[in-house]
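Let's work through this one together. Keep the picture open while we go.

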Amino acid sequence: MLLAHPMKPKTIPFFLITSSLFFLFSCDVKNPRLNRIEGDDLGPKETFVEDLELGFRDTVYVPIYSDIYSETKDVRFKLTATLSLRNTSLQDSVYIEDIDYYDSQGNKVRSYIDKNLLLGPMQSIEYVVEEDDTVGGTGANFIINWGANTAGLKPVFQGVMISTHGQQGISFTTEGVSVSQSDK
């Protein structure tokens, strides 16, 4: 007579399951939880105005990186760059006359506006240099000419760079620097 031996189920060690799941989800796949917006329906709309006589004008330089060096001078990490323009005044408007994008050699690549842009009190607006747009290079920058009816306004102009590839991610900001001011 044969005795039935109950078969013991084979167990897979927990670390094999978790490491398999880790490798499965760490592939270079775009995160489905990110908001994908067709058009820019959620962002503020641009408002343009005719030429104005402004009492104060300034030019601001904002460094932007479309890519940065990684490991060696021959390997670059591509970035998505956002130029953020923020009016910090609760009462006064800021007028943006030019937003020009320059590459590392100082060549103007493109202009983002061709009319005067109105930033109302506390309004913000953004312009994006997409990750695959590396024409600017590591030394890219924006020159912003802006003005206001009164001196003393302090809008914030920043560059925000970000990218992720697999498990590696990078993000950082840059601040705009005034390169010339003039009171009329």
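Q: Which residues touch the most other members in the largest nonpolar core?
A: Leu85, Ile96, Ile99 and Trp146 do, in a core of 28 residues. A nonpolar core is a set of buried Ala, Val, Leu, Ile, Met, Phe, Trp, Tyr and Cys residues joined through side-chain atoms within 4.5 Å. By the way, this is a predicted model, where local features need pLDDT of at least 70, side-chain atom pairs count only at pLDDT 80 or more, and totals for chains, interfaces and linings use all residues. Residues are numbered from 1 along each chain as its sequence is written, and side-chain values use heavy atoms, leaving out hydrogens and water.

Q: Why is Trp146 called buried?
A: Its relative accessible area is 2%, and buried means under 20% (exposed is over 50%, partly exposed in between, with a 1.4 Å probe and protein chains only). So Trp146 counts as buried.

Q: What makes Trp146 and Phe157 an aromatic pair, and which kind is it?
A: Their centres are 6.2 Å apart and their planes 75 degrees apart. Rings of Phe, Tyr and Trp (its six-membered ring) pair if their centres lie within 6.5 Å; planes under 30 degrees apart count as stacked, over 60 as edge-to-face and the rest as tilted. So this pair is edge-to-face.

Q: What does the pair of Trp146 and Phe157 tie together?
A: Trp146 sits in strand β10 and Phe157 in strand β11, so parts eleven residues apart in sequence are tied together. Strands are DSSP runs (E, at least two residues), numbered from the N terminus.

Methods: Helices (H or I, at least four residues) and strands (E, at least two) are DSSP runs, numbered from the N terminus.
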